[in-house]
Amino acid sequence: MFQVFHAVGEKPVKSYIRPTSLAALAIAFAAPASAQDLRASLAEDMPDLMELYRDLHANPELSFEEYKTSAKLAKRMRALGFEVTEGVGKTGVVSVMRNGDGPTVLLRADMDGLPVVEQTGLPFASKVMATPASGVTTGVMHACGHDTHMTGFIGAAQLLAERKDEWQGTLVMVLQPAEEAGGGARAMLADGLYTRFPKPDYAIAFHDAAADKPAGSIGISPGYALANVDSVNITVKGVGGHGAYPHTTKDPIVLASAIVMRLQTLVSRELSPLEPGVVTVGSFLAGAKHNIISNEARMQLTVRSYSDESRKLLLDGIARIARGEAVAAGMPENLMPVVEVQEDFTPSTYNDPDFAEQLLASFADRFGADRVGTQPPVMGGEDFSEYRRADPDNIKSVIFWVSGTPDHMLRALKEEGKPLPSLHSPFWAPDAEKVVATGAEALAGAALELMPRSGG
């Protein structure tokens, strides 16, 4: 999901810290835990964590169906001493550890797999079959790496539970369902995540990535990191008839084609050149036979943006263009296109810049400047955004990327130009050990530094 890191080593680390954030940095990261200490403890935990990873990978569950996964992980969290509540937002799990006065830090991992038939060839590859909402029975795979997220999450929980004498505050650890469906975070918030449980001052998550950097490299995008994701359906109506007598019809395919072409001007001519946007027609369905003009064409669009203003411009423009082209084609009012914007959109993810800069500096110190850098934003979506948007004035949040690209894939890319399999590919098999180890240490290290012991 991202391709370029700008290493911290290319500039002095201090260049990532705004002058106004130096005092906050000194306070928030007052007593960093020894990287060697965390790493040594994590090394002892890795055999068990990798066994957990292989189990999770082999047994994925679809969005809002993560019953076995959530129960399995909830049991581990209880054993670590957390107060655990299951069934939040249907299949979500919230684990709380209260450890005196101090900040509240939320760490999150997503749990759901994808309707993808795995083709990695791994000995523990998923053989799970399921029938999603589409009604089509398919294989299920952790093709987006949520198995590494959960395993790194458990690794971080173990490190923090073992070090209660090193931090002070409240730790809220959230196992979230249905990130792939875009509704899991919203469901947990609607089920009282911030009223039944402590509301965080900070929210942190990581995501694995198919990056052109070695596995274990970290990237952060200050500001916008991921996009608004909207799904739009357009039903273009017409008057069908015989293909040999088109003058007696109102051809919906011609009209729909005109709409497709005109939609391209939304980004190129209406959106500011400084504002990213995407309008993609991913599906165009019409007709059933060579010589029949149908009376309907249907299109499915994905629409991507960052700001709320850009999102509104694109969505309003789609509705205007669909109607305008229909008017130009002479369609009567009762045959105007129907434009449906699905309600459950994924809002853009924004990394608070000062907080992102603090984590960049902290991670560079912990892992080395050659492994840490800034990352350009991407047009993919992630509903981690919901945790900050619920109270943007009081919650700072960052999601960071951990490259999972195995050495052999990186060599093939650089030496042969062989492209990397992307996230959601049936061939994506990250270097899970490096993703898990890096993610666990980064999450735990950040939490420890945000919640230092008084006087520590």
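**Note on the predicted model**

1. V94 is found in strand β3; helices (H or I, at least four residues) and strands (E, at least two) are DSSP runs, numbered from the N terminus. This is a predicted model, in which local features need pLDDT of at least 70 and side-chain atom pairs count only at pLDDT 80 or more, while totals for chains, interfaces and linings use all residues. Residues are numbered from 1 along each chain as its sequence is written, and side-chain values use heavy atoms, with hydrogens and water left out.

2. The relative accessible area of V94 is 0%, so V94 is buried; buried means under 20% relative accessible area, exposed over 50%, and partly exposed in between (1.4 Å probe, protein chains only). Not counting residues up to four places away in sequence, V94 touches E83, V84, T85, V88, V172, M173, M188, L193 and F197, where contact means heavy atoms within 4.5 Å.

3. F197 belongs to the loop between α5 (184-190) and β8 (202-209). With a relative accessibility of 10%, F197 counts as buried. Leaving aside neighbours within four places in sequence, F197 is in contact with T85, V88, V94, V96 and G192.

4. For the chain as a whole, the model shows eleven helices and 19 strands. The radius of gyration is 24 Å, close to the 23 Å that the globule rule gives for 456 residues, so the protein chain is as compact as a globular protein of that length. The radius is taken over C-alpha atoms, and the globule rule is 2.2 Å times the number of residues to the power 0.38. Along its principal axes the C-alpha trace spans about 85 × 50 × 50 Å.

5. Of the 456 residues in the protein chain, 54% are buried. Among contacts between residues at least 6 apart in sequence, 82% join residues at least 24 apart. The accessible surface of the protein chain comes to about 19,100 Å², and carbon and sulfur atoms account for 53% of that surface. Accessible areas come from the Shrake-Rupley method with a 1.4 Å probe; for residues, only the protein chains shown count as cover.

6. The protein chain carries 41 positive and 56 negative charges, and their mean positions are 3 Å apart. Lys and Arg count as positive and Asp and Glu as negative, whereas His and the chain ends are not counted. The place of a charge is taken as NZ of Lys, CZ of Arg, CG of Asp or CD of Glu.

7. Helix α4 (residues 146-162) has 17 residues that should span 24 Å at 1.5 Å a residue, and its end C-alpha atoms are 24 Å apart, which agrees. The expected span of a helix is 1.5 Å times one less than its number of residues. Because 16 of its 17 residues are buried, α4 is largely enclosed by the rest of the structure.

8. H142 lies in the loop between β6 (138-139) and α4. Its relative accessible area is 3%, and H142 is therefore buried. Beyond residues up to four places away in sequence, H142 touches L56, H57, P60, M111, D112, G113, D147 and M150.

9. Helix α11 (residues 432-450) can be checked in the same manner: its 19 residues should span 27 Å at 1.5 Å a residue, and the end C-alpha atoms are 27 Å apart, in agreement. Here 16 of the 19 residues are buried, so α11 is largely enclosed by the rest of the structure.

10. F64, in the loop between α2 (35-58) and α3 (67-79), has a positive phi of about 65 degrees although it is not a glycine. F64 is partly exposed, at 23% relative accessible area. K90, in the loop between β2 (83-88) and β3 (92-99), has a positive phi of about 85 degrees and is likewise not a glycine.

11. S397 is found in strand β19 (residues 396-403) and counts as buried at 2% relative accessibility. Its contacts, leaving aside neighbours within four places in sequence, are A203, Y350, N351, D352, F355, F384 and R388.

12. K312 lies in helix α7 (residues 308-328) and is exposed, with a relative accessible area of 53%.
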